[in-house]
Amino acid sequence: MLAFIIYKLIICVAVFGLSLAVAAYSTLWERKLSALLQDRVGPDRAGPFGLLQPLADGGKMFFKEEIIPNVSNKFLFILGPSLVMLTALMTGAVIPWAKDAYVGGKLYSMQITDINIGILYLFGVVSVGVYGIMIGGWASNNKYALLGSMRASSQMISYEIAMGIAVIALIITSGGTLSLREIVEQQDAGFANIVWQPLGFIIFFVCALAETNRAPFDLPECEAELVGGYHTEYSSMKLGLFLFAEYINMFISSAVMAAFYFGGYNFPFAQELYDAMGLADGSKWIAIIGFGAYFTKIFLFISVFMWIRWTLPRFRYDQLMNLGWRILLPLSLLNLAITVVVEFFRGHITF
Amino acid sequence: MQLTNRSKVVSNKVQTAMEQLYLPGILKGMLITGSHLFKRRATVKYPEETRPVAAVYRGWHVLKRDENGAERCTACGLCAVACPAEAITMESAERKKGEEGLYREEKYAKVYEINMLRCIFCGLCEEACPKEAIFLTDRLVDTEYEREDFVYGKSKLTEKVDKRIDVSKRQTLEVAEFKKLPGLKHNEMWDSKKIDKGHKH
């Protein structure tokens with residue numbers, strides 16, 4: 001029992017640290033990539049190639065003066081960013097990072113928990129994240145913050161519907177399972193889900209951009225019109241938590257997309273490679289190589305997220321709502337219908 | 001009635017189905033930004049790298065010393081007069097006994113200041129100088145936190161005895177020859193022979 005608790009504790013801390021580290025270095029990569037896309041050099045002063053830049057940024061955040069507005073509700077004001085950060089970190093719990101591996105003669109799963117309603121859990125936790133933004137914006141007692149958080153919540157709720165329907169289609173393709181592990185595993189034998197769900201992937205991707213409040217759907221923080229949106233009144237590390245949570249969300253949604261549509265830790269000819277290397281099932285090396293493959297996919301997704309941010313201008317609010325309700329929602333329903341027909345002919349579902 | 005020919009027909013063109021898809025347009029835009037990944041950066045990483053400058057670049061001034069290490073400047077004030085930006089001020093002092101190694105002539109600049117924010121780096125001071133004392137060099141003026149710090153005194157202008165600054169690029173042969181021309185008024189004025197003969201101008 002104790003060994004079990006220690007193992008879970010280790011993997012929890014590992015995923016926690018991984019999320020934070022990836023988020024921290026995403027900020028650096030974002031700045032670096034934006035610089036590269038704009039023919040600049042980007043941060044290169046802190047440490048070799050600017051590798052210590054995230055630490056410097058974090059340090060700066062900590063040393064900034066902490067201001068809590070007099071007129072704000074102090075409890076809610078602090079609860080807002082905490083909730084956003086909490087939910088962002090909680091989503092990492094159901095993601096399978098690598099294949100099971102034997103460590104010291106015992107088979108360990110490289111996942112915090114494999115619950116059979118993983119997708120529901122994911123959606124539930126992400127939805128709670130909206131409360132963090134909403135509470136933060138409300139407690140600030142500032143019209144810009146309130147407008148920003150209103151935008152954030154209505155945007156996230158609108159896009160969650162199309163996203164949910166796209167995921168239903170995905171679940172049908174994956175044989176009706178809600179467990180992320182099983183979704184990833186069943187892509188091992190056949191093709192990755194992107195082959196059966198190209199439209200679903202595009203819908204999911206667009207919705208993921210909106211859910212993480214990334215450009216071109218970054219209306220909630222929209223510097224040009226809302227000063228800073230829901231985090232207008234925030235300063236110091238509370239602001240840092242909001243900004244940081246966005247990067248963690250980006251990391252997690254990249255991980256989820258890679259798992260849902262691109263086979264997670266699987267990659268083409270993986271089994272052939274493992275056979276050629278003489279690795280038996282459950283080998284540590286399989287887990288490590290799989291983790292590397294998974295991370296490459298996540299890295300590519302994060303880069304595409306950023307690439308889009310530094311290419312496209314922001315949507316207007318009515319355009320955003322139009323896209324969500326009048327284009328993506330019907331499109332996702334259409335995708336669902338097509339999926340049902342295709343899966344019927346593939347023989348996965350019967351009536 | 002048409003008043004000018006500058007009127008334009010307003011286009012309210014409806015988007016085609018292809019344009020309404022947005023995705024091709026988005027991809028096109030992303031390829032444009034993506035192509036910039038492989039373009040050359042225009043950044044010069046100062047101070048590790050410096051932009052190449054012409055051999056006769058006019059930057060941070062230097063007050064030269066002669067072969068023996070004595071300051072050449074005699075505080076005649078011609079540079080200050082020549083300066084169109086009125087950036088140069090100086091105070092003169094008389095050389096005392098025992099200071100012959102420090103100052104070349106009987107009079108020297110006790111204070112010599114150039115306001116680097118006023119200076120336009122035209123090089124007229126250098127042209128006016130009869131003693132070959134002031135030169136502009138290819139060094140860039142440092143950044144400072146306070147405006148006052150841009151007023152460079154002798155400590156920042158005079159060259160160090162053990163760290164001579166090469167101004168031969170600015171002091172081209174032509175310039176050196178030109179300064180020796182007997183017809184030039186300032187050369188005439190400071191020509192020691194003529195002073196010996198009692199010529200006064």
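The exercises below work through helices, strands and a chain contact in a predicted model.

Residues are numbered from 1 along each chain as its sequence is written, and chains are lettered from A in the order in which they are written. In this predicted model, local features need pLDDT of at least 70, side-chain atom pairs count only at pLDDT 80 or more, and totals for chains, interfaces and linings use all residues.

**Exercise 1. Describe how helices H4 and H5 of chain A are arranged.**

Step 1. Locate the helices, which are DSSP runs of H or I with at least four residues, numbered from the N terminus. H4(A) covers residues 118-139 and H5(A) covers residues 143-173.

Step 2. Take the axes, which are lines fitted to C-alpha atoms over the stretch in contact, with angles from 0 to 180 degrees between N-to-C directions. The two axes come within 8 Å and cross at roughly 170°.

Step 3. Name the arrangement. Because of this angle, H4(A) is roughly antiparallel to H5(A) (the term applies to angles over 145 degrees).

Step 4. List residues in contact (C-beta atoms, placed from the backbone, within 7 Å). Among them are A:Phe123 and A:Trp138 of H4(A), and A:Met156 and A:Glu160 of H5(A).

Step 5. Sort them by class: Ala, Val, Leu, Ile, Met, Phe, Trp, Tyr, Cys and Pro are nonpolar, Asp, Glu, Lys and Arg are charged, and the others, Gly among them, are polar. The contact has 12 nonpolar, seven polar and one charged residue.

**Exercise 2. Check the length of helix H9 of chain A and decide whether it is enclosed.**

Step 1. H9(A), residues 236-261, has 26 residues. The expected span is 1.5 Å times one less than the number of residues.

Step 2. This should give 38 Å, and the end C-alpha atoms are 38 Å apart, so the two agree.

Step 3. Count buried residues (20 or more other C-beta atoms within 10 Å of their own, with C-beta atoms placed from the backbone). In H9(A) 22 of the 26 residues are buried, so the helix is largely enclosed by the rest of the structure.

**Exercise 3. Trace the pairing of strand S3 in chain B.**

Step 1. Strands are DSSP runs of E with at least two residues, and two strands pair if DSSP finds at least two bridges between them.

Step 2. S3(B), residues 107-115, is joined to S2(B), residues 88-94, by seven bridges, and the strands run antiparallel. One bridge pairs B:Glu94 with B:Lys107.

Step 3. S3(B) is also joined to S5(B), residues 151-152, by two bridges, again antiparallel. Here B:Asn115 has B:Val151 as its partner.

Methods. Angles under 35 degrees count as roughly parallel, over 145 as roughly antiparallel, 65 to 115 as roughly perpendicular and the rest as oblique. Two residues are in contact if their C-beta atoms, placed from the backbone, lie within 7 Å. A residue is buried if 20 or more other C-beta atoms lie within 10 Å of its own, exposed if 12 or fewer, and partly exposed in between; C-beta atoms are placed from the backbone.
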